[in-house]
Amino acid sequence: MQFSVSPARSVRGHLRLPGDKSISHRYAMLAGVAEGTSRIENYSSGADCQSTLGAVEALGITVERQDGAVLIHGQGLNGLRQPAAMLDAGNSGSTIRMLSGMLAAQPFSCSIGGDASLSRRPMERIMKPLAAMGADIEATSGRFPPLLIRGNKLKPIQYEPPMASAQVKTCVLFAGLHTEGITSVVETIQTRDHSEVALREFGAEVNQSGAVISIQGRPKLHPRQLRVPGDLSSAAFFLVAATLLPGSELTMEGVGLSPSRTALLDWLSAAGANIRITKVELLAGELTGTLVVKSASAEGGVIEGATTAALIDEIPVLAILGAASRKGLLVRDAGELRVKETDRIAAVAENLSRMGVQVEVMQDGFSIAGGQRFRAATLPSFGDHRIAMAFAVAALASEGECVIDQAEAASVSFPEFYDTLRQIRQS
Ligand code: S3P
């Protein structure tokens with residue numbers, strides 16, 4: 001599908017965000033191994049989280065949709081059943097990496113794969129720690145999906161991932177759930193902590209001492225009534241659009257404000273954005289609140305080190321802000337972007353160039369001078385949801401009508417994105 005975006009004068013209004021993608025995956029997987037029925041409201045409508053629900057169902061867990069909520073009839077840690085066919089993770093790295101931690105510990109074998117993009121994404125990062133726990137996993141060419149997982153009795157380990165990755169941390173903790181003893185992950189660069197929070201909510205014992213996060217294996221997990229906060233990474237597109245377009249004001253309610261994700265708000269504020277946070281409350285261990293963003297003059301800045309890990313999903317749309325900002329944007333330490341749904345460094349550089357914006361590309365990032373204008377262009381999504389949405393924002397701030405090619409990629413995390421854009425754009 002192609003989606004045309006004309007320049008907008010401003011963006012204004014109240015908008016609803018889909019449920020947080022990261023939290024939705026974790027709630028669905030943990031509800032599946034809890035003992036009883038969990039009810040999850042505001043579960044992400046994105047295709048990735050539907051892939052997780054499909055996989056949980058294929059593992060013998062009954063999943064029902066009721067009045068917009070998802071009911072998951074968990075069967076306990078021993079309740080998963082061998083699926084009849086290969087599990088389909090679709091486009092979702094989170095689904096395959098996090099669920100593999102549980103699958104490796106089952107008394108059955110199964111396969112899990114996904115689409116062409118997922119089939120190019122590296123899996124050694126989970127295969128290595130799982131092998132150390134005693135797992136038996138075969139991958140295509142030793143590292144790509146589909147994975148053939150022959151379930152085994154696993155033993156606890158202490159593991160220090162070589163890259164900052166919440167998916168790897170979660171995979172090891174979820175495998176540790178099924179072992180006798182204490183499994184630990186040493187995290188030198190902090191990543192999102194939704195697994196730790198969710199595991200505790202479901203009744204697991206998770207402790208943190210400095211950089212070491214530990215889980216006590218074989219807990220009894222209790223079913224929960226949960227509401228997923230709005231997705232801050234989806235809010236990022238609108239935070240940038242409202243900042244860049246004069247006369248804008250947007251209000252977003254019930255947005256997830258986990259301190260492990262709000263580096264985005266700190267960075268944007270330091271870069272000159274005008275963002276106000278109100279109505280902060282705690283929902284099942286997760287902070288949520290209302291964001292009000294108004295247009296402002298953006299300064300730009302630098303993203304490097306631990307900040308890169310904390311902003312990893314938002315970097316494509318921050319590149320748009322950077323190009324229009326006063327000082328520009330330098331991104332370093334972001335080699336992980338090359339192994340996301342697409343190579344996001346190459347995709348951002350290609351589309352900015354199509355819009356006439358100068359970018360200098362490095363192996364682990366890019367540099368964009370400030371004060372640049374966006375020319376009208378056709379902008380491929382490269383099948384990547386965040387590239388599609390980031391460049392729809394660039395199109396709003398451009399000099400003429402742009403076309404987003406393969407625009408449907410947005411539905412991986414935000415199926416309602418283009419409708420939302422239509423509602424808030426003022427021409
Ligand atoms: C996620 C972790 C991040 C992020 C992804 C979601 C998660 O990936 O990019 O969109 O939910 O744990 P990594 O674990 O590869 O850093």
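User: What makes helix 6 count as mostly covered?

Analyst: This is a predicted model, and in it helix 6, which spans residues 194–201, has six of its eight residues buried. The buried residues in helix 6 are His-194, Ser-195, Glu-196, Val-197, Ala-198 and Leu-199. Among the elements that cover them are helix 1 (21–33), helix 5 (166–177) and strand 17 (286–294), and strands 12 (206–209) and 13 (212–216) are also included. After helix 6 comes Gly-203, which has a positive phi near 110°.

User: Why is Ser-100 called buried?

Analyst: A residue is called buried when its relative accessible area is under 20%, and the value for Ser-100 is 0%, so Ser-100 is buried. Ser-100 is placed in helix 3, residues 93–103. When neighbours within four places in sequence are left aside, the contacts of Ser-100 are Thr-95, Ile-112, Ile-126, Leu-130, Leu-147 and Ile-149.

User: Is Lys-279 buried or exposed, and how do you know?

Analyst: The word exposed is used for a relative accessible area over 50%, and Lys-279 has 62%, so Lys-279 is exposed. Lys-279, which is found in strand 16 (residues 274–283), also has a positive phi of about 50° although it is not a glycine. As background, most residues other than glycine have a negative phi.

User: What makes Phe-3 and Tyr-418 an aromatic pair, and why is the pair called tilted?

Analyst: For Phe-3 and Tyr-418 the values are 4.3 Å centre to centre and 40° between the planes, and the pair is tilted. Phe-3 lies in strand 1 (residues 3–5) and Tyr-418 in helix 13 (residues 417–424), so the pair ties together parts that are 415 residues apart in sequence. Phe-3 and Tyr-418 are both buried.

User: Why is the pair of Phe-414 and Phe-417 called edge-to-face?

Analyst: Planes over 60 degrees apart count as edge-to-face, and the planes of Phe-414 and Phe-417 are at 70°, with 5.6 Å centre to centre. Phe-414 and Phe-417 are both buried. Ring pairs also link Phe-3, Phe-237, Phe-238, Phe-414, Phe-417 and Tyr-418 into a cluster, and a search of the whole structure finds seven aromatic pairs.

User: How do you know which residues bring helix 10 and helix 11 together?

Analyst: Contact means heavy atoms within 4.5 Å, and in this sense Pro-316, Ala-319 and Ile-320 in helix 10 meet Arg-344, Val-348 and Leu-352 in helix 11. By class, this contact of helix 10 with helix 11 has five nonpolar, no polar and one charged residues. Helix 10 (residues 315–324) and helix 11 (residues 344–354) pack at an angle of about 30°, with their axes 10 Å apart, and their crossing is right-handed.

Methods: Residues numbered from 1 in each chain as written. Predicted model: local features only at pLDDT ≥ 70, side-chain atom pairs only at ≥ 80, totals over all residues. Heavy atoms only, no water. Axes fitted to C-alpha atoms, helices over the stretch in contact; angles between N-to-C directions. Helix = DSSP H or I, 4+ residues; strand = E, 2+ residues; numbered from the N terminus. Left-handed = near helix turned anticlockwise from the far one by under 90°. Nonpolar A, V, L, I, M, F, W, Y, C, P; charged D, E, K, R; others polar. Phe/Tyr/Trp six-rings, centres within 6.5 Å; stacked < 30°, edge-to-face > 60°. Buried < 20%, exposed > 50% of the residue type's maximum accessible area, 1.4 Å probe, protein only.
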